[in-house]
Amino acid sequence: MELEKIQRYPTTDLIAFKRAKALARRIRRQCQRESWITYVSSITSSTTSQQLWRKVKAAKGLYREFNIPILETSTALFSSPLDVASLIGKTFASVSSSDSYSPAFQATKHRLERTPINFRCRQPLPYNCDFDMFELKRALSSAHNTSPGPDGISYVLLRHLSEDSLVSLLYLFNRIWREQVYPTQWQEAIVIPILKPGKDPKNPLSYRPIALTSCLCKTLERMVNARLVYQLEKNKCIPLFQSGFRKGRSTLDNIITLENKIRNAFVRRNHLVSIFFDIEKAYDRTWRYGILRTLFDFGFRGNLPTFIQHFLKLRTLRASLYVDDLQISCEGSDMRMIER
């Protein structure tokens with residue numbers, strides 16, 4: 001109801017809408033809690049562990065395990081679990097390959113990448129100083145309980161570390177930060193293929209990759225990202241109308257702005273031209289050197305951009321799938337993602 005008022009009258013205060021939205025979230029959480037209590041009360045001795053874990057995973061929003069059928073390409077059929085895992089891995093790797101770029105862009109890419117980017121800096125900058133315990137605890141508290149990466153270390157384990165263990169972990173992070181040496185195991189991801197809704201299960205392109213990386217690495221990433229975002233916002237490097245990946249901003253801001261301009265055009269009897277881009281696989285095909293060059297042009301030097309540079313180098317993946325409740329993995333040099 002409040003959203004309809006905002007759509008009709010763009011000048012309407014957003015406070016009422018945000019209050020209604022918060023009320024809806026609170027009601028949803030309350031219903032979820034009541035539903036869970038009802039289900040727990042219905043558990044009996046005849047309830048199997050499989051049914052119980054299926055319900056727990058559904059409540060946590062985890063994907064259900066499934067078996068990938070025979071995969072088919074234009075030249076062959078793949079039925080062996082190892083062949084299926086290998087094909088899935090190669091398909092995901094090819095998406096991030098530089099071969100997907102146009103010949104004109106590849107020529108530009110090869111020409112520009114001949115100039116190396118040097119982030120060395122002797123001047124002490126505030127965003128390059130060592131991390132403190134507050135930053136570490138804030139990163140751990142904001143993390144969701146996602147599945148662990150290849151090292152098997154989960155967020156639950158990290159949150160239950162003692163104070164002395166947290167001090168040791170912080171010391172490790174600061175050594176990586178100062179010495180600019182990125183652990184090679186952090187560059188590896190276990191990729192779980194998830195079938196996209198309504199897609200052909202025999203087509204390897206119909207699967208969405210869910211990458212599981214080290215929780216230790218993701219914790220340090222959050223700490224680095226907090227400093228990066230702060231500097232970008234402070235120096236006004238982010239465009240004013242960008243809402244993605246920014247605190248206190250959402251798609252609703254852009255929608256209301258667009259609608260307001262449309263209504264103003266109607267009132268003034270003017271034309272309004274809008275252009276919408278839907279870039280396919282934008283994240284997978286992002287030019288890494290371009291990211292680093294942008295950081296360099298923004299004036300970043302030292303530990304922060306160097307960490308991002310090491311993070312983007314030589315990323316590898318290991319495709320993993322379930323066949324008859326057995327986990328099949330395929331890894332090796334052929335799974336290495338081509339440098340972009």
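**Burial, and a pair across the chain**

I count a residue as buried under 20% relative accessible area, as exposed over 50%, and as partly exposed in between. Arg 178, with a relative accessible area of 40%, is therefore partly exposed. This is a predicted model, and I read every entry below with that in mind.

I looked up the partner of Arg 178 next. Arg 178 makes a salt bridge with Asp 130, and their closest N and O atoms are 2.8 Å apart. Asp 130 sits in the loop between α5 and α6 while Arg 178 belongs to helix α8, so the pair ties together parts that are 48 residues apart in sequence. Asp 130 has 36% relative accessibility, so Asp 130 goes down as partly exposed too.

**Other salt bridges**

How many salt bridges does a search of the whole structure find? The search finds eight. I took two further ones to write up.

Glu 135 pairs with Arg 227, with 3.0 Å between the closest N and O atoms. This pair links distant parts of the chain, since Glu 135 is in helix α6 and Arg 227 is in helix α9, 92 residues apart. Are Glu 135 and Arg 227 buried or exposed? I find both of them buried.

Glu 113 and Lys 109 also meet through their side chains, at 3.3 Å from N to O. I checked the cover on each partner. Lys 109 is at 5% relative accessibility, so I put Lys 109 down as buried. Glu 113 is at 27%, so Glu 113 counts as partly exposed. As a reminder to myself, side chains of opposite charge can pair when their charged atoms come close.

**The nonpolar core**

I then went to the inside of the model. The largest nonpolar core holds 39 residues, and Leu 136, Phe 173, Trp 186, Leu 220, Met 223 and Leu 304 have the most contacts inside it. Two or more residues each come from α6 (133-141), α7 (155-159), α8 (163-179), α9, α11 and α12. Which element gives the most to this core? It is α9, with eight residues. The general rule I keep in mind is that nonpolar side chains tend to be buried together in soluble globular proteins.

**Two residues in the α5-α6 loop**

I went back to the loop between α5 and α6 for two residues. Leu 125 is placed in this loop. Its relative accessible area is 19%, so Leu 125 is buried, with the cut-off at under 20%. Leu 125 and Leu 304 are 179 residues apart in sequence, yet their C-alpha atoms are 9.9 Å apart in space.

Phe 131 lies in the loop between α5 (103-112) and α6 as well. With a relative accessible area of 4%, Phe 131 is buried.

**Surface patches**

Lys 18, Lys 21, Arg 25, Arg 26, Arg 29 and Arg 33 form a positive one. I picked Lys 21 from the set. Lys 21 is placed in helix α2 (residues 15-42). At 44% relative accessibility, Lys 21 is partly exposed.

Which residues make the nonpolar surface patch of about 540 Å²? I have Val 273, Ile 275, Phe 277 and Ile 279 for it. Phe 277 is located in the loop between α10 and α11 (288-297). Its relative accessibility is 72%, so I count Phe 277 as exposed.

**Positive phi**

Phe 245 is not a glycine, but its phi is positive, at about 60°. I find Phe 245 in the loop between α9 (215-234) and α10 (251-268). Is Phe 245 buried or exposed? Phe 245 is exposed, with a relative accessible area of 85%.

Leu 314 also has a positive phi without being a glycine, and the value is about 50°. Leu 314 belongs to the loop between α12 (303-311) and β5 (316-323).

Notes: Residues numbered from 1 in each chain as written. Predicted model: local features only at pLDDT ≥ 70, side-chain atom pairs only at ≥ 80, totals over all residues. Heavy atoms only, no water. Helix = DSSP H or I, 4+ residues; strand = E, 2+ residues; numbered from the N terminus. Buried < 20%, exposed > 50% of the residue type's maximum accessible area, 1.4 Å probe, protein only. Patch = residues over 30% accessible without salt bridge, like charges linked within 9 Å, V, L, I, M, F, W, Y side chains within 5 Å. Areas by Shrake-Rupley, 256 points an atom, 1.4 Å probe, with all protein chains shown as cover. Salt bridge = Lys/Arg side-chain N within 4 Å of Asp/Glu carboxyl O. Lys, Arg positive; Asp, Glu negative; His and termini not counted. Charge placed at Lys NZ, Arg CZ, Asp CG, Glu CD. Core = buried A, V, L, I, M, F, W, Y, C linked by side-chain atoms within 4.5 Å.
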